[in-house]
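Please find below a short briefing on one protein structure.

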Amino acid sequence: MRLRAAHVRVRVPATSANLGPGFDALGLALGLHDDLEVRALGSAGVRVDVEGEGAGEVPTDEQHLVVRALRAALDHVGAPQTGLHLVCRNRIPHGRGLGSSAAAVVAGVLAARGLVGDPDVLGDDDALALATELEGHPDNAAPALLGGFTLAWAGERDGGVRAVRLPVHPDVVPVAVVPQQHLSTRAARGVLPAHVPHADAAWQAARAGLLVEALGRRPDLLLDATGDRLHQGYRRSVMPESLALVDALRARGVAAVVSGAGPTVLALARRAAAADGTAGSAAGGRAGEPDGPATDADAAVADAFGGVMAGWRVLRLPVDADGATVRTLLD
Ligand SMILES: Nc1ncnc2c1ncn2[C@@H]1O[C@H](COP(=O)(O)OP(=O)(O)O)[C@@H](O)[C@H]1O
Ligand SMILES: N[C@@H](CCOP(=O)(O)O)C(=O)O
């Protein structure tokens, strides 16, 4: 096997995993992206330039997560290793529950797909399996790769990861409320119990099933459908403000959950109808200000803040329907 391309460009969306009841299974791709450009170099070694999120914080050598995933993917398909120059333009905040690490892993795997340049190598199934192995759970990797709303599970016979895309009602607008505080997914997984009550598991199974119907066809059911008893409560001690916001929003009828392992809060809101009956839209776009369409949760979000959560950003984000993409550049 050889590398057929020397210059590729990859785009990967942010993702929100769990969505309440779908721990380690459900995830949603969001319209906030990291862009990556990779050149294969004749010489050995690696150079990494990072702009935006993570600049000055993430390693810029072989330990960089995108580099590690890219090299793992080349090894996985038996392709040769090469010198690399990466330019990372990051918009997904790190350590906030918006899938930055899964995006980095998927970016590396798709960059390898682009460099190898063989349509039979590193297809979506293989890329998902590899990304899940590197990330540890599939619920961010699946929507990052496939786009939209996804359900991932381990196959009955071989335990191999599988994923399907599910429909999303066009009125649904994800609203991410993002704190300044970082929390690693590893730390947030560390506070989960080894066992949960059978009654809670049964209660949760109904909601996970209902969420597929609510997100796809019945947004009016989203509040009931986003209940959770398997992870958010156990994580309250490591993100008390996030859970207080989830509680305040849910008390106001908003389908709010912890995004991924937190501490971002995600509201699955609905596009507000404008006075003339058309879908509403809001101006804005600066970081920290809503920049998508007006939603039925806007007043509740403003009210629930109570002026005490300075520095949090409210991002109305579209659902990303495309998932990760890779393009080969000729130069
Ligand atoms: N684009 C990236 N490039 C390099 N490393 C990254 C990138 N995105 C995430 N990481 C690594 O992953 C860590 C965050 O992962 P994690 O704790 O799983 O949080 P989340 O995925 O929710 O943002 C960062 O602190 C960084 O070490
Ligand atoms: N199911 C995982 C999801 C982690 O998502 P992230 O965006 O915080 O990495 C969990 O809840 O631990």
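**Annotated site and sheet**

Ser-101 lies in helix α2, helices (H or I, at least four residues) and strands (E, at least two) being DSSP runs numbered from the N terminus. The model is predicted: local features need pLDDT of at least 70, side-chain atom pairs count only at pLDDT 80 or more, and totals for chains, interfaces and linings use all residues. Residues are numbered from 1 along each chain as its sequence is written, and side-chain values use heavy atoms, with hydrogens and water left out.

**Residues of the site**

- The "binding site" annotation, which comes from an unreviewed UniProt entry, includes Leu-98 and Ser-101; such annotations may be inferred rather than shown by experiment.
- Ser-101 is partly exposed, with a relative accessible area of 26% (buried means under 20%, exposed over 50%, partly exposed in between; 1.4 Å probe, protein chains only).
- Ser-101 touches Leu-65 and Glu-135, leaving aside residues up to four places away in sequence (contact means heavy atoms within 4.5 Å).
- Leu-98 is placed in the loop between β4 (83-90) and α2 (100-116).
- Because its relative accessibility is 1%, Leu-98 counts as buried.
- Beyond residues up to four places away in sequence, the contacts of Leu-98 include Ala-14, Thr-15, Val-178 and Ser-259.

**The sheet**

- An open sheet is formed by four strands in the order β8-β9-β7-β10, with antiparallel pairing (two strands pair if DSSP finds at least two bridges between them).
- Its edge strands, β8 (256-258) and β10 (313-316), each pair on one side only.
- Three antiparallel bridges join β8 and β9 (residues 265-270), and Ala-256 stands opposite Ala-267 in β9.

Conventions: Chains are lettered from A and ligands numbered from 1 in the order in which they are written.
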